[in-house]
Amino acid sequence: MSSSNSRPNSTPNSSPGAKLREAMAGGMVLAPFVYDGFTALIAEGQGAQAVYMTGHGTSAQIGLPDVGLTSMAEMVSNLGYIADAVDVPVIADADTGYGNAINAQRAVREYETAGAAALHLEDQVFPKRCGFFEGKQCVPMAEHVQKIRAAIDARSDPDLVIIARTDAVAPNGWEDAIRRAEAYREAGADVVFVDGVKTAEDMDIYTRRLVEQGLPCLYNGNLLPGPEIAERGFKIMITGGGHALSYAAVCQALVNLKDGGGGEGRDLDQFNTITNLLGLPEIYELEQRYAID
């Protein structure tokens, strides 16, 4: 539980989308991956401008691979926990919109109600796959254009940032991906997102053919450090943190425990740091305020 009085970067009467747009106007927004309220609190505490609710991490949280098995209800539920935990804008993975253009409209309404500042819709065939998995396929471009238009019509807050993602690079090549990104922007997407950028050559094409042509773009990955991505003109970068780091840390702690260690998990200072981050001091204050005399 986080106290609203202690949250940084709070702008009264400003919607999540408006906060994100304000941050983007000041330069590239770096949003680390988070997969629950706890990791979102850690990111906010470390000064993150925004956080990114990863679909891969949300799926991992319930023990599933990111291949379209996680439902919209599960994604929206997780988004709600994250958005309620922090005051910084939350950028959220909305997969394919969970169906056709009409389904995408409901997804937009549900995500907006749950507190998203932005969401991205991808042009994969359902069931979708993580952007870096093999075997991706894309729906016809015209179908996703209509989905983006429907998403824009569905938002009640005009500041909610609609991000159009294309996964066409792997199955169809860069020319098709560029054509799709341009069409999605023309349909009204606030930001375009080409996923599956794996090489320096991919990054150069993305920069030269889309970013430098004036399209507001999102980059997902770690090919270059944040400042260099910002210098290229990207509006948003999602990267780092999240379940990958949690996996490494938990594995190491369990290895230490098996080898006879494990004292780190009982460190009182660390325990107190965590409980303070979760808002325990504010709970103590409330208990005193509402105590029965």
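This is a predicted model: local features need pLDDT of at least 70, side-chain atom pairs count only at pLDDT 80 or more; totals for chains, interfaces and linings use all residues.
The chain has 13 helices and eight strands. Its radius of gyration is 20 Å, close to the 19 Å that the globule rule gives for 293 residues, so the chain is as compact as a globular protein of that length. If you like boxes, the C-alpha atoms fill one of roughly 65 × 50 × 35 Å along the principal axes.

How are the strands arranged? They make a closed barrel of eight, with parallel pairing, in the order E1-E2-E3-E4-E5-E6-E7-E8. Going from one strand to the next, the twist averages 30°. Look for Tyr 219, which stands opposite Met 237 in E8.

Now helix H11. With 17 residues at 1.5 Å a residue, H11 should span 24 Å, and its end C-alpha atoms are 25 Å apart, which agrees. After H11 comes Gly 260, with a positive phi near 100°.

On to the empty space. Rolling a probe the size of a water molecule over the atoms shows where space is left. Let's start with the largest pocket, which has a volume of about 590 Å³. Its lining draws two or more residues from each of strand E1 (29–34), helix H2 (37–45), helix H11 (242–258) and helix H12 (268–277). Which element gives the largest share of that lining? It's H11 again, with six residues. In total 21 residues line this pocket, and the ones nearest its centre are Phe 38, Ile 42, Leu 245, Ser 246 and Ala 249. By class, the lining has 13 nonpolar, seven polar and one charged residues.

The second largest pocket holds about 360 Å³. It has 24 lining residues, and closest to its centre are Phe 33, Thr 54, His 56, Asn 220 and His 243. Helix H3 (55–61), E8 and H11 each supply at least two lining residues here, and E8 gives the most, with four. The classes in this lining are eight nonpolar, eleven polar and five charged.

There's also one cavity of 30 Å³ or more by the rule used here.

Most residues other than glycine have a negative phi, and most peptide bonds are trans. You'll find Asp 95 in the loop between strand E3 (90–93) and helix H5 (101–114). And where is the cis bond? It runs from Phe 126 to Pro 127, with omega near 0°. Pro 127 is in the loop between strand E4 (118–122) and helix H6 (141–154).

That's it from me.

Technical notes. Residues are numbered from 1 along each chain as its sequence is written. Side-chain values use heavy atoms; hydrogens and water are left out. Two strands pair if DSSP finds at least two bridges between them. Axes are lines fitted to C-alpha atoms, for helices over the stretch in contact, and angles run from 0 to 180 degrees between N-to-C directions. On a 1 Å grid over the protein atoms alone, a cavity is a set of points where a 1.4 Å probe fits but cannot get out, and a pocket is an open set with protein on both sides within 12 Å along at least five of seven lines; lining residues have an atom within 4 Å of a point. Grid points are joined across faces, edges and corners, and a volume is the space filled by probe spheres set on the points. Ala, Val, Leu, Ile, Met, Phe, Trp, Tyr, Cys and Pro count as nonpolar, Asp, Glu, Lys and Arg as charged, and the others, Gly among them, as polar. The expected span of a helix is 1.5 Å times one less than its number of residues. The radius of gyration is taken over C-alpha atoms; the globule rule is 2.2 Å times the number of residues to the power 0.38.
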